[in-house]
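This report describes a few local features of one protein chain. Please look over the sequence and the structure before reading on.

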Amino acid sequence: MESFGIIAGNGLYPILMARAAKAQGVRRVVVAAFEGETDPSISAVADEVVWIRVGQLGKMIKIFTSRNVTEVAMVGQISLQNLWDVRPDFRALAALIKMKERNAETIFGGTVNELQKDGVTVVPATRFLEDHLAKLGLIAGPSLSGSEKEDVIFGARIAKSVSAMEIGQTVVVKKGTVLAVEAFESTNDAMLRGGKIGKGKVVLVKVSKPNHDFRYDVPVMGMKTMDIALESGVRVLAMESGKTLLLEKDEMFGFARKHGISLYAFEVNAQGDAIVS
């Protein structure tokens with residue numbers, strides 16, 4: 001591939017994608033980076049980085065169209081403060097006016113639509129990182145007990161229901177009781193709340209939403225997740241196989257084995273129930 005674009009939010013995720021794209025033969029990686037969000041070290045792995053403010057949709061689109069970049073990925077989060085304090089340009093304002101609801105999904109979905117109007121295709125945010133997707137079964141750490149497997153099945157059912165209502169994609173459970181449900185605050189905050197209430201040895205379950213759009217929203221876990229899991233007393237981190245990205249995966253696996261935290265990936269059947277073996 002000649003060129004590939006990345007719309008880079010915060011964290012390590014955009015840097016990993018830029019490295020993976022180059023490693024897989026992309027000759028030129030162009031990044032639209034957000035002031036106050038994107039890690040500046042992405043400049044070391046991308047061929048070109050252009051800095052913009054959150055809300056400068058017209059400028060962002062021009063970054064790619066003016067450089068003949070026709071495929072981009074939207075990678076990394078945007079903090080709450082920047083998302084709500086956005087100062088839209090004319091292109092963004094026109095898109096916002098059309099929205100009946102203004103939340104993360106409609107804003108990012110609207111961005112995808114505007115890019116595509118100008119001939120820029122937004123690809124799934126797992127592009128070039130397929131080997132980082134969680135593989136089915138026990139990934140690292142101790143085997144699950146019978147009660148922990150039951151909590152994974154129970155938690156997955158609850159999380160699927162909650163995610164369908166656009167509330168969150170993660171729940172923390174223990175012995176068949178829901179201790180915390182993720183809202184917009186983040187998986188890590190939900191984990192801290194649930195671990196405190198459950199006094200340790202809790203199970204966290206993370207799922208994708210029904211009709212999940214992986215172009216702008218991919219369930220992700222990384223070393224920060226592991227650090228908070230240890231602090232919160234989480235015993236099991238369970239996720240959907242093939243639909244959750246594990247950043248810094250080698251470090252995660254070593255940490256899990258060292259601290260007795262199980263990383264486990266399950267399938268979901270047509271009825272929306274987790275299959276745990």
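## Two lysines in loops

The loop between β7 (170-174) and β8 (177-181) contains K175. The model is a predicted one, and in it the phi of K175 is near 50°, a positive value in a residue other than glycine. K175 has a relative accessibility of 73% and so counts as exposed, the cut-off for that label being over 50%.

## Helix α7 against helix α8

The crossing of α7 with α8 is right-handed.

On the α7 side, the contact is made by N188, M191, L192 and G195. On the α8 side, the residues are K224, T225, I228, A229, E231 and S232. Sorted by type, the residues of this contact are four nonpolar, four polar and two charged.

## Helix α8 against helix α9

Helix α8 (residues 223-232) also meets helix α9 (residues 249-259): their axes come within 9 Å and cross at roughly 15°. The crossing of α8 and α9 is left-handed, whereas that of α7 and α8 is right-handed.

From α8, the residues M223, M226, D227 and L230 make the contact. From α9, the partners are E251, M252, F255, A256 and H259. This set divides into six nonpolar, one polar and two charged residues.

An α-helix has 3.6 residues a turn, so residues three or four places apart point the same way.

Is helix α1 enclosed or open to the outside? Eight of the 11 residues of α1 (residues 13-23) are buried, so this helix is largely enclosed by the rest of the structure. The buried residues are Y13, P14, I15, L16, M17, A18, A20 and A21.

Several strands take part in covering these buried residues, including β1, β2 (28-34), β4 (71-75), β10 (220-221) and β12 (245-246). Just after α1 comes G25, which has a positive phi of about 100°.

## An aromatic pair

How many aromatic pairs are counted? The count comes to one aromatic pair. The rings of F4 and F128 have centres 5.0 Å apart and planes at 90°, so the pair is edge-to-face.

The pair joins distant parts of the chain, its two residues being 124 residues apart. F4 belongs to strand β1 (residues 3-8), one of the strands that cover the buried residues of α1. F128 lies in the loop between β5 (121-122) and β6 (137-140).

Technical notes. Residues are numbered from 1 along each chain as its sequence is written. This is a predicted model: local features need pLDDT of at least 70, side-chain atom pairs count only at pLDDT 80 or more; totals for chains, interfaces and linings use all residues. Side-chain values use heavy atoms; hydrogens and water are left out. Axes are lines fitted to C-alpha atoms, for helices over the stretch in contact, and angles run from 0 to 180 degrees between N-to-C directions. Helices (H or I, at least four residues) and strands (E, at least two) are DSSP runs, numbered from the N terminus. A crossing is left-handed if the near helix is turned anticlockwise from the far one by less than a right angle, and right-handed if clockwise. Contact means heavy atoms within 4.5 Å. Ala, Val, Leu, Ile, Met, Phe, Trp, Tyr, Cys and Pro count as nonpolar, Asp, Glu, Lys and Arg as charged, and the others, Gly among them, as polar. Rings of Phe, Tyr and Trp (its six-membered ring) pair if their centres lie within 6.5 Å; planes under 30 degrees apart count as stacked, over 60 as edge-to-face and the rest as tilted. Buried means under 20% relative accessible area, exposed over 50%, partly exposed in between (1.4 Å probe, protein chains only).
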